[in-house]
Amino acid sequence: TTTTRLIAHIVKNTGHRVGYTTSDGIYVQNSMLTKGDTTGPLSAEFILKDPTVEFAVLETARGGILRSGLGFGRCDVAVITNIQEDHMGLSDINTLKDMTNVKAVVAKSVKRDGTVVLNADNEYCTSIAKMVECNVAYFSMNENNPIIQQHCKKGGLAAIYENGFITIKKGEWKFRVEKAHNIPLTFGGRVSFMIANVLAATLASYAYGFTIDDI
């Protein structure tokens, strides 16, 4: 939800009219239209049918995918923040491998020239890279993460937390976006999982084509 809100916030500030779905409601710009857990395909459809919405950011939960699939055919960017044991036991999803296969549905919906953003600090997330036909970008709290290093050696795109900065890495190039402690969401740079959310949102926005200044 945090990553969804953050991407929507970045996009909104570039002048687009944004519709987004989260686990606490459906929003268009700054207005909540529906309250509740709205991370399923019906909520996505609600946003995609709204003629005033120019840009959609859709939180997509595994429950909705299992019940009725995705609410869209193709997307430009997908973000898989984490694959953990916190949602086991639903609809025969009993292992992390099962969970990975469910979440990979979102990654597989990315257009060929689009990008899937994966958490390089989570081995189940990184395994999704082998299942997709689009561009792959990684984020990590550790700039020395071997997956990031290998990926960037080949000219790949990544976001890392480096010397207190949210940093975009493209091949051998580094662009510092902002000091983490200047981003209120990170509570002065003290909350690492929030920094990870910021990395994911930054990378997704950059992969879509927004500039460092926009972000």
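In which loop is Gln29 found? Gln29 sits in the loop between β2 (25-28) and β3 (31-35). The legends below describe this and other close-up views of a predicted model.

**Figure 1. Gln29 in the loop between β2 and β3.** The phi of Gln29 is near 55°, which is a positive value in a residue other than glycine. Most residues other than glycine have a negative phi.

**Figure 2. Strand β6 and its two partner strands, β5 and β7.** Strand β5 (residues 75-80) pairs with β6 in the parallel sense, over 5 bridges. In this pairing Val79 stands opposite Val117 of β6. Strand β7 (residues 135-140) also runs parallel to β6, and 5 bridges join the two. Here Thr115 stands opposite Asn135 of β7.

**Figure 3. Asn145 at the start of helix α6.** Asn145 belongs to the loop between β7 and α6. With a relative accessible area of 7%, Asn145 is buried, because buried means under 20%. A side-chain oxygen of Asn145 reaches to within 2.8 Å of the backbone nitrogen of Ile147. Neighbours within four places in sequence aside, Asn145 is in contact with Ala120, Asp121 and Ser140.

**Figure 4. The buried and exposed residues of helix α6.** Helix α6 spans residues 146-153, and its buried residues are Ile148, His151 and Cys152. Seen down the axis of α6, these buried residues fall within an arc of 95°, so they line one face of the helix. They pack against β7, β8 (157-162) and β9 (165-170). Pro146 and Lys153 are exposed, and are carried on the face of α6 turned away from its buried side. After α6 comes Gly155, with a positive phi near 90°.

**Figure 5. Asn163 in the loop between β8 and β9.** Is Asn163 buried or exposed? Its relative accessibility is 62%, so Asn163 counts as exposed. The phi of Asn163 is near 50°, again a positive value in a residue other than glycine. The two strands that flank this loop, β8 and β9, are among the elements against which the buried residues of α6 pack.

**Figure 6. The largest pocket and its lining.** Rolling a probe the size of a water molecule over the atoms shows where empty space is left. The largest pocket has a volume of about 1,400 Å³. Its lining is made of 48 residues. Which of the lining residues lie nearest the centre of the pocket? They are Thr4, Glu59, Thr60, Val79 and Thr81. One of these, Val79, is also the residue that stands opposite Val117 in β6.

**Figure 7. Elements that supply the lining of the largest pocket.** At least two lining residues come from each of α1 (2-12), β4 (55-58), α3 (62-68), β5, α4 (96-108), β6 and α7 (192-208). Helix α7 gives the largest share of the lining, 7 residues. The paired strands β5 and β6 both contribute to the lining.

Methods: Residues numbered from 1 in each chain as written. Predicted model: local features only at pLDDT ≥ 70, side-chain atom pairs only at ≥ 80, totals over all residues. Heavy atoms only, no water. Pairing = 2+ DSSP bridges. Helix = DSSP H or I, 4+ residues; strand = E, 2+ residues; numbered from the N terminus. Buried < 20%, exposed > 50% of the residue type's maximum accessible area, 1.4 Å probe, protein only. Arc of directions from axis to C-beta. Contact = heavy atoms within 4.5 Å. Polar contact = N/O pair within 3.5 Å; in protein donor to acceptor, adjacent residues only side chain to side chain. 1 Å grid on protein atoms, 1.4 Å probe; cavity = no way out; pocket = protein on both sides within 12 Å on 5 of 7 lines; lining within 4 Å. Points joined across faces, edges and corners; volume = space filled by probe spheres on them.
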